[in-house]
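Colleague: I'm new to reading structures, so please pick one topic, charged side chains, and walk me through it slowly.

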Amino acid sequence: MLYHIWPGKGECWRWNGQRILKHIGMFNGVWHIGIALDKSTESEATVRDAFPYGTQFTVVENDPKRREVATFLPLLESVETDDPSHATFYAHAKGVRRPGEPAVHRWADLMYETCLDYWPLVERLLLDHAMAGSFKKVGMGFGGGSRSSWHYSGTFFWLASGG
């Protein structure tokens, strides 16, 4: 499990953490969390204390232009494998910049539900697809020179390992 958190002061990042901890039993490998810190966040120690012993952490200075991209590669490299029996979930805490917006929480809850509450369906999809996730958007969706023809809105998805 790979997860990115910008732990803005308040309860929103904790709500996300509690939501993912409900599914701790389905993850039997690495728990690796990227933490992006700045002067407006909780401390590293506070975030570490919210997760089980054995969780790995990558801590970076928050870069508002890169957001979760700043920790994505180190997180991904930590679970690199060619073992086809492995699958990796990736997500990041949602709504931390807009904690008072109920629509954002509902959107996040839908992504947690579709990716984590329906593991048998996800597992079947990963047998034939390299990725599975919620809210796949087909077509160019980013400015700034991106050549991507699709993405998972909200950045919640599973990766199958190659074999």
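Modeller: Glu80 sits in the loop between α3 (69–77) and β4 (87–92); helices (H or I, at least four residues) and strands (E, at least two) are DSSP runs, numbered from the N terminus. This is a predicted model, where local features need pLDDT of at least 70 and side-chain atom pairs pLDDT 80 or more, while totals for chains, interfaces and linings use all residues. Residues are numbered from 1 along each chain, and side-chain values use heavy atoms, leaving out hydrogens and water.

Glu80 counts as exposed because its relative accessibility is 70% (buried is under 20%, exposed over 50%, partly exposed in between, with a 1.4 Å probe and protein chains only). Glu80 also belongs to a surface patch of negative charge, together with Glu77, Asp82 and Asp83. Such a patch joins like charges within 9 Å, from residues with over 30% relative accessible area and no salt bridge.

Now for the salt bridges (a side-chain nitrogen of Lys or Arg within 4 Å of a carboxyl oxygen of Asp or Glu): the whole structure has 5. One of them joins Arg19 and Asp117, at 3.5 Å from N to O. This pair links distant parts of the chain, with Arg19 in helix α1 (residues 12–21) and Asp117 in helix α4 (residues 102–117), 98 residues apart. Arg19 is buried, at 8% relative accessibility, whereas Asp117 is partly exposed, at 39%. Both take part in a network of salt bridges that also includes Arg106 and Asp109.

Glu44 and Arg48 form another salt bridge, at 2.7 Å. These two lie in helix α2 (residues 44–49), 4 residues apart, about one turn of the helix.

Definitions and conventions. Patch = residues over 30% accessible without salt bridge, like charges linked within 9 Å, V, L, I, M, F, W, Y side chains within 5 Å. Areas by Shrake-Rupley, 256 points an atom, 1.4 Å probe, with all protein chains shown as cover. Lys, Arg positive; Asp, Glu negative; His and termini not counted. Charge placed at Lys NZ, Arg CZ, Asp CG, Glu CD.
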